[in-house]
Amino acid sequence: MTKVYLKGLGLIGSSLARAIKKEHPDYVLIAEDQDHAAERYALEHGIADECGTAFDKAEDADLIILATPVSVIAKDLLRLSELETKPGAIITDVGSTKRTVMKAARKLIDAGKIFIAGHPMAGSHKTGVWAGKAGLFENAFYFLIPANDASEEKLSELEEMFKGVRAKWLETTPERHDKIVAQISHVPHVVASALVNQTEKTFADEPMGMRVAAGGFKSITRIASADPTMWSSILLNNGELISEQLEDYIDALKEIDEKIKKQDQKALFDFFKAAKIGRDSLSPEKLGAIPGFYDLFINLADKVGSLADVTQILAEARINLVNVHILEIREEIDGIAQLTFSSEKDRQKALGLLKTKYKIIERQEE
């Protein structure tokens, strides 16, 4: 009987629990959270089989997952280094800054325990055990940072336990991980939050301003709704790299501000052209060895049932739809639905089914 001890029933932890239980219903999952209401919800909805307190039921667990803020993970790694755990048990985490975590795990590793740090690159603006879902990480990148003594066998064992997560595994180093996520995750969260705060300040005496915020503003600021506790912890634990990259970003903003003041049309054009080329290069065929996603854009009428009709067509054809994003949708005006698939085969099959009923939007028209 495989036992899993999970500390942290937030969005990430509860989603992992759901995915594990869905794939391995025979696993015994013991959950711990400081919010007892979250624990009760997990028990009532079959997310967890039991609840524990201060790792009191972790001594015979085959897998221990730490799904709390990084500052708490660091303290728990020290605590686990002093506790008796099952020989061969794997300890992992989901923290988004790995240098801090690996440093905190040093005593644990020296004690001969098996630690494989992890970070799933997926989330939501929603929080809590209630927001979790088994498919949250499907086709998302999931970083694994094994300690020096973690064998390939143990990596494979962890991936098997997490099989229901259906993620794309990427092994890397703590340093490389933190640099990557600082730029593509941490800085964007700061920028999105700053934009929301600055916009609210600008519209303090103009209530209509926030009411008319449309697709572009909502899309770029969606991540500002994320958990403040988690994100303040991230900034404190990856502060050096985030600050360096924020300084570069601020310099870029100052530079474009100067071009605006000088009415330098060529420089402004080059600025947007370079950004377009960079953004367009994120298409799957240009991502190299790392697997990507496959997008299809269709014109979507602003009427009841439009999106449901599309998803029904795909479901009946048993085509796996990874994500749906509605772009530039306004009342009484058609919008664009961005449909994301996990393979080019699925995208082509969907294209064949949808093109007879919907207008297909070419990528350059985004």
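**Strands, rings and helices**

Colleague: How many bridges join β9 to strand β12?

Modeller: In this predicted model, β9 and β12 (residues 360-361) run antiparallel. Within β12, Ile-361 is the bridge partner of Phe-297. The number of bridges that join β9 to β12 is two.

Colleague: In which sense do β9 and strand β11 pair?

Modeller: Strand β11 covers residues 335-341, and seven bridges connect β9 with it. Tyr-294 stands opposite Phe-341 of β11. The sense of the pairing between β9 and β11 is antiparallel.

Colleague: How many of the seven residues of strand β9 are buried?

Modeller: A residue is buried if its relative accessible area is under 20%. Strand β9 spans residues 294-300, and it is largely enclosed by the rest of the structure because most of its seven residues, five of them, are buried. The number asked for is therefore five.

Colleague: Are the rings of Tyr-142 and Trp-169 stacked, tilted or edge-to-face?

Modeller: By the rule for ring pairs, the count comes to seven aromatic pairs. In the pair of Tyr-142 and Trp-169, the ring centres are 4.8 Å apart and the planes stand at 55°. Planes under 30 degrees apart would count as stacked and planes over 60 as edge-to-face. The angle falls between these limits, so the pair is tilted.

Colleague: How many residues apart in sequence are the parts that this pair ties together?

Modeller: Tyr-142 belongs to strand β7 (residues 141-146), whereas Trp-169 belongs to strand β8 (residues 168-171). The pair therefore ties together parts whose separation in sequence, in residues, is 27.

Colleague: How do the rings of Phe-162 and Trp-169 count, as stacked or as edge-to-face?

Modeller: Phe-162 is buried, with a relative accessible area of 1%, while Trp-169 is partly exposed at 24% relative accessibility. Their ring centres are 6.4 Å apart, and their planes are at 15°. Because that angle is under 30 degrees, the pair counts as stacked.

Colleague: Which residues do ring pairs link into a cluster?

Modeller: Tyr-142, a buried residue with a relative accessible area of 1%, is one of the members. The cluster linked by ring pairs consists of Phe-137, Tyr-142, Phe-162 and Trp-169.

Colleague: With the side chain of which residue does the side chain of Lys-21 make a polar contact?

Modeller: Lys-21 lies in helix α1 (residues 11-23) and is buried, with a relative accessible area of 13%. Not counting residues up to four places away in sequence, Lys-21 touches Tyr-27, Leu-29, Gly-46, Ile-47 and Asp-49. The polar contact, at 2.8 Å, joins the side chain of Lys-21 to that of Asp-49.

Colleague: Within what arc do the buried residues of helix α2 fall?

Modeller: In α2 (residues 36-44), the buried residues are Ala-38, Glu-39, Tyr-41 and Ala-42. Seen down the axis of α2, these residues line one face of the helix, because they fall within an arc of 160°.

Colleague: Which exposed residues does the face of α2 turned away from its buried side carry?

Modeller: The buried residues of α2 have a cover that includes α1, β2 (28-32) and β3 (50-51). The face turned away from that buried side carries the exposed residues His-36 and Glu-44.

Colleague: A side-chain oxygen of which residue reaches the backbone nitrogen of Ala-37 at the start of α2?

Modeller: Beyond the other end, α2 is followed by Gly-46, whose phi is positive, near 70°. At the start of α2, the backbone nitrogen of Ala-37 has within 2.9 Å a side-chain oxygen of Asp-35.

Colleague: How far apart in space are Arg-318 and Asp-346, C-alpha to C-alpha?

Modeller: Arg-318 is placed in the loop between α13 (306-316) and β10 (321-327), and it counts as exposed at 77% relative accessibility. In sequence, Arg-318 and Asp-346 are 28 residues apart. In space, C-alpha to C-alpha, their separation is 9.4 Å.

Colleague: What is the radius of gyration of the protein?

Modeller: The protein has 14 helices and 12 strands. For its 366 residues the globule rule gives 21 Å, and the protein is as compact as a globular protein of that length, because close to this value lies its radius of gyration of 23 Å.

Colleague: What share of the residues of the protein count as buried?

Modeller: The C-alpha trace spans about 65 × 50 × 45 Å along its principal axes. Of the 366 residues, the share that count as buried is 42%.

Key
Residues are numbered from 1 along each chain as its sequence is written. This is a predicted model: local features need pLDDT of at least 70, side-chain atom pairs count only at pLDDT 80 or more; totals for chains, interfaces and linings use all residues. Side-chain values use heavy atoms; hydrogens and water are left out. Buried means under 20% relative accessible area, exposed over 50%, partly exposed in between (1.4 Å probe, protein chains only). Helices (H or I, at least four residues) and strands (E, at least two) are DSSP runs, numbered from the N terminus. Two strands pair if DSSP finds at least two bridges between them. Rings of Phe, Tyr and Trp (its six-membered ring) pair if their centres lie within 6.5 Å; planes under 30 degrees apart count as stacked, over 60 as edge-to-face and the rest as tilted. A polar contact is a pair of N or O atoms within 3.5 Å; within protein, one must be able to donate a hydrogen and the other to accept it, and residues adjacent in sequence count only if both atoms are side-chain atoms. Contact means heavy atoms within 4.5 Å. The arc is that of the directions from the helix axis to the C-beta atoms. The radius of gyration is taken over C-alpha atoms; the globule rule is 2.2 Å times the number of residues to the power 0.38.
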